Structure formats: C-alpha cells, structure tokens
Amino acid sequence: FSRDKDVQVRKVVAQRLPDVSLGLMVDDEAPEVRRILAERMSPKDVVSLLQDSDWVVRYTVAERVIPEALACLINDPEPDVRAAVQARLKSEGINHG
C-alpha cells in the first residue's frame with residue numbers, strides 16, 4: 001500500500017506505518033506524504049528529509065531534527081525555514097555566527 005497510486009491511501013499508510021518502516025516512504029512523490037513522515041520520524045531519522053524539495057517538509061524537519069543537523073538548513077531559500085532554524089538554535093542554546 002505504500003506504493004499505491006492513490007495519494008490518500010499513501011497518506012493513511014504514512015500515518016499508520018510502524019516507526020521503523022517510515023524511511024521506506026521518504027522518496028514518495030507527494031509532499032503531503034513526506035510531511036506526515038517528517039512529523040512522525042525520530043529526530044535522528046528525519047535527517048533523511050533535510051534536502052526535501054518541499055519547503056513545508058523542510059520546515060517540519062527544522063522543528064524536529066537533532067540539533068547537530070540544523071546547520072544544513074541555516075541558508076535555506078525559504079525564509080520560514082530559516083526562521084524555524086534560528087528559533088530552534090536559540091531554544092537549544094546554540095550560538096551560530
């Protein structure tokens with residue numbers, strides 16, 4: 001079902017798939033499926049979505065990823081993603097030049 005042609009089916013699968021299997025869907029063509037994954041994946045695993053083409057996915061990643069990976073998004077082309085990164089860095093007590 002994770003490769004079903006219907007995006008609605010894949011969204012349900014992404015919501016119900018066991019955590020350890022979420023990585024199997026990170027290349028899904030639908031941004032809304034990847035957004036669900038970004039919300040559910042562990043902070044370490046969500047690193048796999050740092051370079052996603054959808055800015056909302058990257059925004060979600062910025063809110064959840066391990067602090068060590070935030071530097072990858074500091075110069076993101078989307079202002080909201082950059083703002084989320086700055087907010088996370090501040091909340092984590094990390095100074096970034």
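Contact here means heavy atoms within 4.5 Å. The structure shown in every view is a predicted model.

View A. Asp-28 belongs to the loop that links helix 1 with helix 2. Beyond residues up to four places away in sequence, Asp-28 touches Ser-2, Arg-10, Val-33 and Arg-34. Its relative accessibility is 9%, so Asp-28 counts as buried, the limit for that class being under 20% relative accessible area. The side chain of Asp-28 also reaches the backbone nitrogen of Ala-30, at 2.8 Å.

**View B. The packing of helix 1 against helix 2.** Two packed helices are described by the angle between their axes and the distance between the axes. For helix 1 and helix 2, the axes come within 9 Å and cross at roughly 5 degrees. Helix 1 is therefore roughly parallel to helix 2, since angles under 35 degrees fall in that class. On the helix 1 side the contact involves Val-7, Arg-10, Lys-11, Ala-14, Gln-15 and Arg-16, and these meet Glu-32, Val-33, Ile-36, Leu-37 and Arg-40 in helix 2. Sorted by class, the residues of this contact are five nonpolar, one polar and five charged.

**View C. The buried residues of helix 2.** Val-33, Arg-34, Ile-36, Leu-37 and Ala-38 are the buried residues of helix 2. Helix 1 and helix 3 are among the elements that cover them.

**View D. The packing of helix 2 against helix 3.** The axes of helix 2 and helix 3 lie 9 Å apart, and the two helices pack at an angle of about 0 degrees. Helix 2 is therefore roughly parallel to helix 3. From helix 2, the contact draws on Pro-31, Arg-34, Arg-35, Ala-38, Glu-39 and Arg-40; from helix 3, it draws on Val-56, Val-57, Thr-60, Val-61 and Arg-64. By class, the contact of helix 2 with helix 3 comprises five nonpolar residues, one polar residue and five charged residues.

View E. Asp-52 is placed in the loop between helix 2 and helix 3. With a relative accessible area of 9%, Asp-52 is buried. Residues up to four places away in sequence aside, Asp-52 touches Arg-34, Val-57 and Arg-58. The side chain of Asp-52 reaches the backbone nitrogen of Asp-54 at 2.8 Å. Asp-54 in turn caps the N-terminal end of helix 3, where one of its side-chain oxygens lies 3.1 Å from the backbone nitrogen of Val-56. Asp-52 and Glu-32 are 20 residues apart along the chain, and their C-alpha atoms are separated by 12 Å.

**View F. The largest nonpolar core and the surroundings of Leu-49.** The largest nonpolar core holds 27 residues, of which Leu-37, Leu-49 and Val-61 touch the most other members. Helix 1 (7-16), helix 2 (31-40), helix 3 and helix 4 are the elements that give two or more residues to this core. Apart from neighbours within four places in sequence, Leu-49 is in contact with Val-26, Arg-34, Leu-37, Ala-38, Met-41, Val-57, Arg-58 and Val-61.

**View G. The packing of helix 3 against helix 4.** Helix 3 (residues 55-64) and helix 4 (residues 79-91) have axes that come within 9 Å and cross at roughly 0 degrees. The two helices are therefore roughly parallel to each other. Trp-55, Arg-58, Tyr-59, Ala-62, Glu-63 and Arg-64 in helix 3 are in contact with Asp-80, Val-81, Ala-84, Val-85 and Arg-88 in helix 4. This contact consists of six nonpolar and five charged residues, with no polar residues. Within helix 3, the buried residues are Val-57, Arg-58, Thr-60, Val-61 and Ala-62, and they pack against helix 2 and helix 4.

**View H. Ala-87 in helix 4.** Ala-87 is a residue of helix 4. Its relative accessibility of 47% makes Ala-87 partly exposed. The C-alpha atoms of Ala-87 and Glu-63 are 8.7 Å apart in space, and the two residues are 24 residues apart in sequence.

Terms used
Residues numbered from 1 in each chain as written. Predicted model: local features only at pLDDT ≥ 70, side-chain atom pairs only at ≥ 80, totals over all residues. Heavy atoms only, no water. Axes fitted to C-alpha atoms, helices over the stretch in contact; angles between N-to-C directions. Helix = DSSP H or I, 4+ residues; strand = E, 2+ residues; numbered from the N terminus. Parallel < 35°, antiparallel > 145°, perpendicular 65-115°, else oblique. Nonpolar A, V, L, I, M, F, W, Y, C, P; charged D, E, K, R; others polar. Core = buried A, V, L, I, M, F, W, Y, C linked by side-chain atoms within 4.5 Å. Buried < 20%, exposed > 50% of the residue type's maximum accessible area, 1.4 Å probe, protein only. Polar contact = N/O pair within 3.5 Å; in protein donor to acceptor, adjacent residues only side chain to side chain.
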